[in-house]
Amino acid sequence: METAVPEITPDVTGELSDLRRLHFIGIGGTGMQPVARICAERGYRVSGSDARPSARLSSLTRAGAQVVIGHQPENVPADATAVVVTNAVGDDNPEVVRARELGIPVVHRSTVLNTLMSRHTSVAVLGTHGKSSTSAMLAVTLARLGQDPSYMIGADLEGPGSGGHAGRGELFVAEVDESDRTHIGTRMDVAVITNIAYDHVENYADPAEYIAGFEQCVRAGMTEHGTLILNADSAGCRELAARLERSSGSPEVVMVGTADDADWRLTMAVTWGGRSRAVLCGPGRMPQDMLLRVPGLHQLANAAAAMVALHVLGQDLEQVMEQLRYVDGAQRRLTSAGETAGVRVLDSFAHHPEEVDADLAAARSILAPGGRVIAVFQPSDARRLDAFGSEFAVALSTSDLTVLTDSTRGLPADALEALSTQVSGAGGSAQQVPDRAEAAVYAAEAARPGDVIVLMGAGDVVDFGPTVHEALGAVAAAAA
């Protein structure tokens, strides 16, 4: 498999000396917006452009940023100290071209984030799954403890644009993305790697290369006397630990999970009715009862990693657990999208087979007796389906009905049919409805009181929640 090469060539990597006047291209993106917000809240002059209006852009404007719609050369301020991009922005973008004509450095968002983090005690959250949820647990718990941390999370915590905050405290919690390799070089005092399972096939040729990316990240970015927290139940994390152990100069490694040899062991884990509970046993410590008001055994694993990180940072575990139980998690991480006619609708960002499996299991845990799980699944793209199609099929077969719909980017004509066949072969039930609005209606018409509909995928499937509720209401009215 060929490894994709990022289109953009940044002029500056590592850290940026001058943040006073930044211009962000694609400022409304999930990774860009919270970084821009932190800069605006710090008092830096922030401007940016995006392809279309959104609630996140409105939030940025209220924070003091100047935002325009569309990418034009004249959007670039002549006095900008840097123009900030992601790898989704090409060297031929008119604003990138203009910046280089003006001699303004073009930098990746990770450079700005790394610069912001370097001025604090930094807590980086990495991993294939659970980064946003774990980062949210850390940030909200610290805030409730009165620490006022800064944080950068690639998901909203409450309203649109709430994933970034410039706190006055010493701590900075950051979700660090590995998808384009820009995690390598991130400065970290404490790092949590929630799990490692092969992903991002467009940038990593195989699982070994993917794990190597995390190894490079740790070796290049962990500060002296830093602590690395790994998931003891993740084969990828164990492989990373073994690689680090084989060489000198590695950070302190702490393993957390249900495995018997974990340094911090998670036991008696259960999830029911939208809540989760477990006991966390640390070395030389009394067992800690963990109670969360979010469903899913995977969320208990995230919470355990967050608790250990907070312990490393010197926080009192009893106070941590008391505050952690009030954390609602990050938006689009199996969060409520409302209820109509006795049918609950959930929104899931799951776009990897392991995430699909975890969220569908969590959805089943909140069902009333006789209720069913109906998944409306939107694959990200054809390449991801080619790589993980059979694994997606097995995960989706755990739902009572899967409605397959088209990607935001568009899929080949036979892609959904192939996945449908695979789901059936795995013992599940699947229906292809390429049009997203029609798929939403199909799921609503198939549902009955007590069921849960999960809108699942990283694309625009979430936008069809209102369509589901309208159809549910119509079905209930017709039956009355």
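Helices (H or I, at least four residues) and strands (E, at least two) are DSSP runs, numbered from the N terminus. The model is a predicted one, in which local features need pLDDT of at least 70, side-chain atom pairs count only at pLDDT 80 or more, and totals for chains, interfaces and linings use all residues. Residues are numbered from 1 along each chain as its sequence is written, and side-chain values use heavy atoms, with hydrogens and water left out.

Gly273 sits in the loop between strand E13 (264–272) and strand E14 (275–281). Its relative accessible area is 57%, so Gly273 is exposed. Exposed means over 50% relative accessible area, buried under 20%, and partly exposed in between (1.4 Å probe, protein chains only). Gly273 and Ser365 are 92 residues apart along the chain, yet their C-alpha atoms are separated by 6.2 Å. Contact is defined as heavy atoms within 4.5 Å. With neighbours within four places in sequence left aside, Gly273 is in contact with Ser365 and Ile366.

A second pairing across the sequence involves Thr115, in helix H4. Thr115 has 1% relative accessibility and therefore counts as buried. Glu15 is 100 residues away from Thr115 in sequence, but the C-alpha to C-alpha distance is 4.8 Å. Residues up to four places away in sequence not counted, Thr115 touches Glu15, Leu16 and Leu19.

Helix packing was examined next. Two packed helices are described by the angle between their axes and the distance between the axes. Axes are lines fitted to C-alpha atoms, for helices over the stretch in contact, and angles run from 0 to 180 degrees between N-to-C directions. Angles under 35 degrees count as roughly parallel, over 145 as roughly antiparallel, 65 to 115 as roughly perpendicular and the rest as oblique. A crossing is left-handed if the near helix is turned anticlockwise from the far one by less than a right angle, and right-handed if clockwise.

Helix H1 (residues 32–41) packs against helix H4 (residues 109–117) at about 40 degrees, and their axes are 10 Å apart. H1 and H4 are therefore oblique to each other. Their crossing is left-handed. On the H1 side, the contact involves Met32, Val35, Ile38 and Cys39; on the H4 side, Arg109, Val112, Leu113 and Leu116. Cys39 is buried, at 0% relative accessibility.

H1 also packs with helix H2 (residues 55–62). The axes of H1 and H2 come within 10 Å and cross at roughly 10 degrees. H1 is thus roughly parallel to H2. Gln33, Ala36 and Arg37 of H1 make this contact with Arg56, Ser59 and Leu60 of H2.

Helix H11 (residues 382–396) and helix H12 (residues 415–425) form a further pair, with axes 8 Å apart and an angle of about 40 degrees. H11 and H12 are therefore oblique to each other. The crossing of H11 and H12 is right-handed. Leu385, Gly389, Ser390, Phe392, Ala393 and Leu396 in H11 meet Ala415, Leu419, Gln422 and Val423 in H12.

Helix H7 (residues 235–245) has a buried side. Gly236, Cys237, Leu240, Ala241, Arg243 and Leu244 are buried in H7. These residues lie on the same side of H7 because they cover an arc of only 160 degrees around the axis. The arc is that of the directions from the helix axis to the C-beta atoms. Exposed Ala235 and Glu245 are on the face of H7 turned away from the buried side. The cover over the buried residues includes strand E10 (188–193), helix H6 (207–221), strand E11 (222–231) and strand E12 (252–257).

The structure holds zero disulfides, a disulfide being a pair of cysteine sulfur atoms within 2.5 Å. Cys217 is in no disulfide, and the nearest cysteine sulfur, that of Cys237, is 12 Å away. Cys217 is buried, with a relative accessible area of 1%.

Backbone angles complete the description. Most residues other than glycine have a negative phi. Arg181 has a positive phi, near 75 degrees. Arg181 lies in the loop between strand E9 (171–175) and E10. With a relative accessible area of 28%, Arg181 is partly exposed. His225, not a glycine either, has a positive phi of about 70 degrees. His225 is found in strand E11. Its relative accessible area is 73%, so His225 is exposed.
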